[in-house]
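Here is a short report on one protein chain. Have a look at the structure first, then read on.

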Amino acid sequence: MKNKILLITFTFLSFLSLKAQVKSPSEFLGYELGSQFSRHADVVNYFKHIAENSPLVTYHTYGKTNERRPLTYAVISTEENLENIEEIRKNHLRQTGILDGNPTTDKAIVWLSYNVHGNEASSTEASMKTLYNLITEKQDWLKNTIVIIDPCVNPDGRDRYANWYNQVRQTPFSTSQDAAEHYEPWPGGRPNHYLYDLNRDWVWATQVETRSRLKIYNQWMPHIHVDFHEQGINNPYYFAPAAEPFHDIITPFQRDFQTRIGKNNAKYFDEEGWLFFTKERFDLLYPSYGDTYPTYMGAIGMTYEQAGHGRGGLGIETDQESTLTLKERIAHHFTTGISTVEMASKNAEELAEEFSSYFNNLDRKYETFALNGDKDKIADLKELLDRHEIEYSTANKGEKISGYSFTDNKDGSLTTTDQTLLVTTQQPKGHMVEVLFEPKTKLNDSITYDITAWSLPYAYGLDAVASSKSYSGKNTTETSNISNTVNAEGAGYIAKWNSLKDAEFLAALLKQDVKVRFSELPFSSEGKEFNAGSLIITKSDNQKLTDFNEIVVETAKDFERELTVASTSFASSGPDFGSPDVKLIGNPKIAMLRGEGTSSLNYGEIWYFFEQELSYPVTAIDTDYFNRIDLSSYDVLIVPEGYYGSALGNGGVKKIKDFVRGGGKMITIGRSVGYFAGQDGFSIKENRVEENKEDANSPNLTPYNMRTRERIKGNSPGSIVKATVDNTHPLAFGYDDTYFSLKLSSSNFGLLSNGYNVAYMQEPKVVSGFVGSEAYKTLENSVVFAQENMGRGSVIYMVDNPLFRSFWQNGKLFFANALFMVK
C-alpha cells in the first residue's frame with residue numbers, strides 16, 4: 001500500500017513538474033491566444049519549446065518551402081511509446097503489407113494537418129492549444145495512441161496572410177464587413193508560394209510542400225487523418241460524415257467510423273451550444289484532397305471546416321448579426337481535434353484490425369494496367385508512382401494483354417514492348433492504383449465539389465489497357481544508353497519533338513544563344529524519318545559560337561536527348577534545312593499578366609511551368625500598370641484565366657490588338673478566351689444552345705429543393721473528352737490525331753471559320769466524368785485549341801487549360817508549341 005501511495009505521489013509530482021516546465025501558448029507567445037495571428041516562426045519556436053521540455057513530444061523538420069520556411073511535425077505519445085517509436089511505426093506498416101512480418105499492434109495513429117490554406121489561419125493557432133492540452137491533460141489517451149501534428153502545411157501562404165493582416169488591422173480590430181482588414185489583396189493567402197492550392201496537390205505532388213510531406217506520410221500511413229480548414233463567415237462548422245458521392249472503394253467501416261467521430265464531435269458542440277452541419281458539400285471522390293488521399297490509403301480521412309476564412313480576421317460581424325472571433329474559431333478546431341484523438345484512443349484495437357483488413361482485401365475490378373507510349377511519358381508516370389511508393393514493373397516483350405482499351409474506349413488489346421509499364425492492383429496500395437487508373441469514374445451523385453475525372457493514362461497521353469487478369473513483369477533499373485558524338489564536319493544535328501523533355505532541351509539551348517530551327521513538314525535525312533516539329537540545329541546558324549558543337553552535345557547529355565548527326569543539310573525527302581518550311585525558332589521574349597482580374601491559380605500554374613519545368617525566363621506584368629507598359633520589346637503575351645473587364649478595359653484590349661497586329665503573339669487560356677470572344681477583331685465566339693422562345697418565356701415550375709440539380713445540367717466540373725487533332729499544325733506537333741482533354745468548364749466556343757481549329761470536337765465523346773445535359777450540347781462543333789492570324793501576329797485560344805494543377809502532363813507540349821512553334 002505504501003509503495004502504491006509513493007507511486008501515485010511520484011506520478012502527481014511528475015505531472016506538476018511537467019506543467020511547470022512547459023508553457024501554455026499564451027505564456028510562451030506573450031499574448032493571449034486568439035488576440036492576434038502568430039507568425040510561422042513563433043509557432044515553430046513554441047513547438048520546439050514543448051519538445052525540449054516535455055518527454056512526451058519529439059519535433060522534426062521534413063523540408064523547406066520555396067521561401068525557406070521550415071516544414072515540421074510533432075510526434076506526441078507516452079515516454080514508453082516514444083522510446084519504442086520506430087518499432088511501433090514498423091509494426092504498424094506491417095498491417096499494410098508494405099513491410100513483411102506479422103503485425104501485432106493495438107496502437108492508434110492519428111495525423112492532424114493544419115493550415116493547408118494559408119488564410120484559413122485559425123487552425124495553426126489551434127494546433128498549439130491542442131499540443132499543450134494533449135501533454136498536460138490527456139496523457140491517458142496517449143498510452144495507446146500516437147498523435148502526429150503538422151502545425152502548418154502551408155507556411156508561405158500563412159505568413160502572407162498573417163503579415164498582411166497584422167499590417168492593416170485596426171486597433172481595436174474592426175468587426176465591420178466593410179473594413180479593409182476583411183478584404184485581402186490579390187493573390188490572397190490561400191495558396192503557397194507558386195499560388196497552388198495544396199489541398200488539391202496530394203496525388204499530383206507538384207509542390208515542394210507535398211513532395212516533402214509524402215515522404216513522411218508514407219512512413220506512417222495513419223489510421224486517421226484530419227485536414228483543418230475554414231469556410232465562409234456565415235457557415236458555422238462542418239465535420240464528418242462527408243457528403244455523397246463517396247468513391248465505391250471506400251469501405252463500410254470507413255463510412256461508419258467517420259460518422260461515429262462526427263457524433264462525438266457533435267456531443268461536445270451540443271454541450272457548448274455551437275452550431276454545425278454534416279453530410280453536405282464536401283464529398284469523398286476527387287483523390288487529391290487531404291481527406292480523400294488518406295482515405296484511399298486506408299485511413300479515416302476527414303475535413304473539418306470552421307467559419308472564418310480570409311475574411312474572418314480577429315473578429316467579424318456575420319450576416320446573422322453575431323460576432324465571430326478568432327478565439328471562437330480556435331476553440332472549435334481545438335475541440336474537434338481533441339474529440340478525434342479521444343475516439344482513436346477508445347477504439348484503437350478496432351482501428352488497427354479494420355486498417356489491416358483494408359489492405360488484405362484486394363478484390364478489384366481490374367488487376368493490371370498495361371501502358372505503352374513515349375519513353376519520356378512513361379518515365380514521368382514512373383516518377384509520380386515513385387513519389388507514392390506504388391510498385392510497378394516492365395512487361396515481357398511480345399505479350400498480348402486484353403481488356404478495356406483507354407484509347408478506343410471499348411474492349412481491346414495491347415501488345416507489349418520492352419518499355420511497356422505494368423501497374424497492378426495486387427499490391428499494398430492497390431486501392432489507390434484502382435482509383436488513379438480506372439477508365440471511368442463511377443458517380444452515385446453528380447453534385448460534386450471538384451473535378452470528376454483524372455485517369456492517369458489519359459493525363460499522361462499513354463495507350464493503355466485495363467485487364468481483369470494478372471500479368472507479371474520484371475523490375476528493371478533505368479540506364480541511359482544515349483551516347484552523342486560531336487559532328488565537327490557535318491551540317492548539324494536533328495532531335496525529336498515528342499514530349500515536354502524535348503521542350504526543356506530546346507529552352508536550354510535558346511538560353512545559351514544557340515539558334516534552333518524546326519521543320520513544318522516531315523522529312524528524312526540519310527535514311528532516317530523525322531516528324532514535323534523535329535528540331536534542326538545547324539552549324540550555319542551558329543557560326544558565331546566557337547564552342548557550338550560542345551554546347552549542343554553537352555546539353556543533350558544533360559537532358560538525356562538523343563541527337564542524330566546530319567552530315568548534310570540536303571534532305572533525302574521533304575524540305576532541306578534551308579527551306580522556307582524549316583523555320584527559325586529564335587529566342588522569344590515572353591510576358592504574362594498577373595494581378596487583379598487574373599486567376600491567381602492559373603497564373604501560378606504558368607509561373608511554375610516556366611520556373612520549375614521549362615526553366616525559361618518570363619516577365620510578369622501586373623494589370624495595375626499594364627496600360628503603361630511598352631509591349632514592343634516582347635514577342636509573346638500570355639493572358640491567364642481571369643475576368644478582365646475592369647482590369648484591362650477598352651484601353652487594354654486596344655493595346656493587345658496593336659501588339660498582335662504588329663507581329664506579337666497572344667496566348668489566351670480558359671476564361672480569358674471568353675473575355676475576347678465576340679470582341680471586334682477576334683473571330684472566336686461562344687457556343688450557345690438556342691432556346692425555344694416559348695420555353696424561355698414560360699414560368700419556371702422547378703421546385704425550390706430541385707433548383708441545384710436543375711442548374712447542374714449546365715455544368716461541366718471536370719471531365720475527360722476525346723478531341724480530334726490536326727497534327728499538321730505547329731500547335732499540335734508531337735501529337736497523334738487524337739487528344740484526350742480535361743474539360744474544366746461549361747464555356748465552349750465554336751469552330752473558327754477564319755482561323756485554324758487544331759484540336760476540336762464535332763461529335764463530342766465524354767470518356768469519363770460528369771457533363772450536364774445542357775453543357776453537353778455546347779460541346780458539339782467546339783474547339784479545344786485554336787489559332788487565328790491577326791495582322792502580322794497570331795492569337796492562340798486554349799479553351800481547356802493544359803497546365804491545370806500541373807498534372808495533365810499530356811497537355812504541356814501544346815503550351816510549349818504555342819510558345820515556340822506557332823509563328
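## A strand between two neighbours

This is a predicted model. Start with Ile 720, whose bridge partner in strand E31 is Ser 768. Strand E31 covers residues 756-768 and is joined to strand E29 by five bridges. The two strands run antiparallel.

Strand E29 spans residues 719-725. E29 also pairs with strand E30, residues 738-743. Here six bridges hold the pairing, again in the antiparallel sense. Within that pairing, Thr 724 has Thr 738 of E30 as its bridge partner. How many of the seven residues of E29 are buried? Five are, and the strand is mostly covered.

Strand E22 takes in residues 535-538. Leu 535 and Ile 537 point one way from E22. Ile 536 and Thr 538 point the other way. Every one of these four residues is buried.

E22 pairs with strand E18, residues 492-495, through four bridges. These strands are antiparallel. Gly 492 stands opposite Thr 538 of E22. Strand E19, residues 517-519, is also antiparallel to E22 and is joined to E22 by two bridges. There, Arg 517 has Ile 536 of E22 as its bridge partner.

## A six-stranded open sheet

Strands of a sheet pair through backbone hydrogen bonds, either parallel or antiparallel. Which order do the six strands of the open sheet follow? The order is E13-E16-E12-E17-E14-E15, and the pairing is antiparallel. Strand E13 (393-394) and strand E15 (410-415) are the edge strands, each pairing on one side only.

Look at strand E12, residues 368-372, and strand E17, residues 463-467. Five bridges link them in the antiparallel sense. Helix H14, residues 375-387, touches E12, E13 and strand E16 (421-424). The direction of H14 makes about 30° with that of E16. Helix H15, residues 430-437, touches E12 and E16. The direction of H15 makes about 50° with that of E12.

## Two helices that cross

Two packed helices are described by the angle between their axes and the distance between the axes. Take helix H17, residues 500-511, and helix H19, residues 600-614. Their axes lie 10 Å apart, and the packing angle is about 80°. H17 is therefore roughly perpendicular to H19.

Which residues make the contact? From H17 come Leu 500, Ala 503, Glu 504 and Ala 507. From H19 come Phe 609, Glu 613 and Leu 614. In this contact of H17 with H19, five residues are nonpolar, two are charged and none is polar.

## Charges that pair

Side chains of opposite charge can pair when their charged atoms come close. The count of salt bridges comes to 37. One of them joins Glu 244 and Arg 255, with the closest N and O atoms 3.1 Å apart. Glu 244 sits in strand E7 (residues 243-246), and Arg 255 sits in helix H9 (residues 252-272). The two residues are 11 residues apart, and the pair links distant parts of the chain. Glu 244 has a relative accessible area of 34%, so this residue is partly exposed. Arg 255, at 31%, also counts as partly exposed.

Now return to Glu 613 of helix H19. Its side chain meets that of Lys 812 in a salt bridge (2.6 Å, N to O). Lys 812 belongs to helix H25 (residues 812-820), and the partners are 199 residues apart. Are they buried or exposed? Glu 613 is buried, with a relative accessible area of 16%. Lys 812 is buried too, at 0%.

Glu 774 and Lys 777 form another salt bridge (3.1 Å, N to O). Both lie in helix H24 (residues 773-777). They are three residues apart, about one turn of the helix. Glu 774 is partly exposed at 32% relative accessibility. Lys 777 is partly exposed at 45%. Some salt bridges share partners. In this way Glu 120, Arg 190, Asp 197, Arg 200, Asp 450 and Arg 805 are joined into one network.

Conventions
Residues are numbered from 1 along each chain as its sequence is written. This is a predicted model: local features need pLDDT of at least 70, side-chain atom pairs count only at pLDDT 80 or more; totals for chains, interfaces and linings use all residues. Side-chain values use heavy atoms; hydrogens and water are left out. Axes are lines fitted to C-alpha atoms, for helices over the stretch in contact, and angles run from 0 to 180 degrees between N-to-C directions. Angles under 35 degrees count as roughly parallel, over 145 as roughly antiparallel, 65 to 115 as roughly perpendicular and the rest as oblique. Contact means heavy atoms within 4.5 Å. Ala, Val, Leu, Ile, Met, Phe, Trp, Tyr, Cys and Pro count as nonpolar, Asp, Glu, Lys and Arg as charged, and the others, Gly among them, as polar. Two strands pair if DSSP finds at least two bridges between them. A salt bridge is a side-chain nitrogen of Lys or Arg within 4 Å of a carboxyl oxygen of Asp or Glu. Buried means under 20% relative accessible area, exposed over 50%, partly exposed in between (1.4 Å probe, protein chains only).
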